[in-house]
Amino acid sequence: MENFWSICLSRFQQELSAQQFNTWIKPLRVETGEHGLRVLAPNRFVQQWVRDRFLQRIESLAEELLNSSGRVELVLMDHVPAAAKDVVQESQPVSQSATKPAAISNAAKSLAQARKHAPAGSGLNPSFNFDNFVTGRANQLARAAALQVAENPGTAYNPLFIYGGVGLGKTHLLQAIGNHLKLQRPDAKIRYLHAERYVSDVVKAYENKSFDEFKQQYHSLDLLLIDDIQFFAKKNRTQEEFFYAFNSLIEAKKQIIITCDTYPKEIADVDERLRTRFSWGLTVAVEPPELEMRVAILLKKAEAARFLLHEDVAFFIAKQVRSSVRELEGALNRIIAMSNFTGRDADVNLAKEALKDLIAVRGRQVTIENIQKTVADYYKIKVAEMYSKKRSRNFARPRQIAMALARELTNHSFPEIGEAFGGRHHTTVMHACDEIEQLRQNDHILARDIAFLVQVIRD
Ligand SMILES: Nc1ncnc2c1ncn2[C@@H]1O[C@H](COP(=O)(O)OP(=O)(O)OP(=O)(O)O)[C@@H](O)[C@H]1O
């Protein structure tokens, strides 16, 4: 079953955007049910969404890979007593087994009871915790702050704002905080949600004229964990509601933790008063992990999957996949799947084969031209300024960054890079590389920009 699911995950990863994959597919779990495959969703929202959009695909994968009839149950994962769980399956007609109406209504009652007495729907996924979060230079500050907040919610840093590129562990940390507090204080009202979910809750409250209920739900939390807040862009009504929720929670010394793909001041199309508030507490970055940390992550993930990963293979993967931990996981899953299906030992040759598309794409994509274009786009200047002699800082700095990235991400020599930048002398390129390296150490915004550019260039 584990093999089947890891293949499904890598298929979905290829077919969906990172955002969709992360939000809808990643939180699912699978097990063997009475009638075949059973997929568990962490909450009703995910359940509904997956049923509407992805269930058919999961069924066709089950048919293809497991030779099964393709029937898949889709049920809720947690907080639901056994009797009530049946109702969830029955009332959402994914499972076809018949239950008498009286049994349904009894079980429905117990579900309602369970909901009433359970802490506010948490949206937490217990598989993300501090123990399985690998720490290194790239994330040690973020982890320390997260742990501190999990230990002292509402008093340490409020809000805690975690930002960084895609697939670098922001959601993992957010969930780890929720799970940690849940263990310490089982009665705490904790809610994890993706910003898109908040937007859709606002829309629903609007449609149903149920803002009082909406407010009651959010303003009474002890811990609000909200993921990918950049999704609030241009959603004015959502921003307004969040502004009230934010003020009310902070005033009551309830903890808020926010993740975002960028630094608070730079979130596009979000009201200034919210952006300012996001920086009230502590803002911490997660950066792409360095080589040794990538290896450590791979070894940890392999161990969790009970797969023997040789260290040389881990180094091989870590050298190929540099930008995000999600990609690292995807690469590892491919290798595990290939090794399990062919019965071959997972050595470097097998890894090369399993990752050959990825290696080919990477090799093709990273060119000096691509770097120049990406950096120019990012800084909103013309690509021609990469070759021009203009010395104004607006052009010179992006040009230097592009040179440094060309050195870092391609095998070109200093003279070749100089040539590609309008025939500059190789010492100019060397100087640019040194200067950018210095700046990266001291200017965290620039370091963040460069980390982002590296991800885009490699993707
Ligand atoms: N330091 C780490 N140790 C162990 N696993 C990690 C680490 N960082 C990330 N991961 C894993 O990588 C995957 C992607 O991480 P996560 O979803 O938290 O990224 P993210 O930063 O929230 O991405 P996005 O911006 O796309 O939402 C997850 O499975 C997570 O468990």
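Residues are numbered from 1 along each chain as its sequence is written. Because the model is predicted, local features need pLDDT of at least 70 and side-chain atom pairs count only at pLDDT 80 or more, while totals for chains, interfaces and linings use all residues.

**Exercise 1.** Check what span helix α11 should have, and find which of its residues are buried.

Step 1. Helices (H or I, at least four residues) and strands (E, at least two) are DSSP runs, numbered from the N terminus. The expected span is 1.5 Å times one less than the number of residues, so the 16 residues of α11 (236-251) should span 22 Å, and the end C-alpha atoms, 22 Å apart, agree with this.

Step 2. A residue is buried if 20 or more other C-beta atoms, placed from the backbone, lie within 10 Å of its own, exposed if 12 or fewer, and partly exposed in between. By this rule T238, Q239, E241, F242, A245, F246 and L249 are buried in α11. They lie on the same side of α11, because they cover an arc (of the directions from the helix axis to the C-beta atoms) of only 160°. On the other side, N236, R237 and E251 are exposed.

Step 3. An α-helix has 3.6 residues a turn, so residues three or four places apart point the same way.

**Exercise 2.** Describe the order of the strands in the open sheet, and state which of them stand at its edges.

Step 1. Two strands pair if DSSP finds at least two bridges between them. The five strands follow the order β5-β6-β7-β4-β8, with parallel pairing.

Step 2. β5 (190-194) and β8 (282-286) are the edge strands, and each has a single partner, so one side of each is left without a neighbour in the sheet.

Step 3. Five bridges join β4 (160-164) to β8, and in this pair G164 stands opposite V286.

**Exercise 3.** Locate G169 and T171, and decide whether each is buried or exposed.

Step 1. The unreviewed UniProt entry annotates G167, G169, K170 and T171 as "binding site"; such annotations may be inferred rather than shown by experiment.

Step 2. G169 lies in the loop between β4 and α8, whereas T171 is placed in helix α8.

Step 3. G169 counts as buried because it has 26 C-beta neighbours inside 10 Å, and T171 is buried with 23 other C-beta atoms within 10 Å.

Step 4. Contact requires C-beta atoms, placed from the backbone, within 7 Å. Leaving aside neighbours within four places in sequence, T171 is in contact with N22, D227 and T259.

How values were computed: Contact = placed C-beta atoms within 7 Å.
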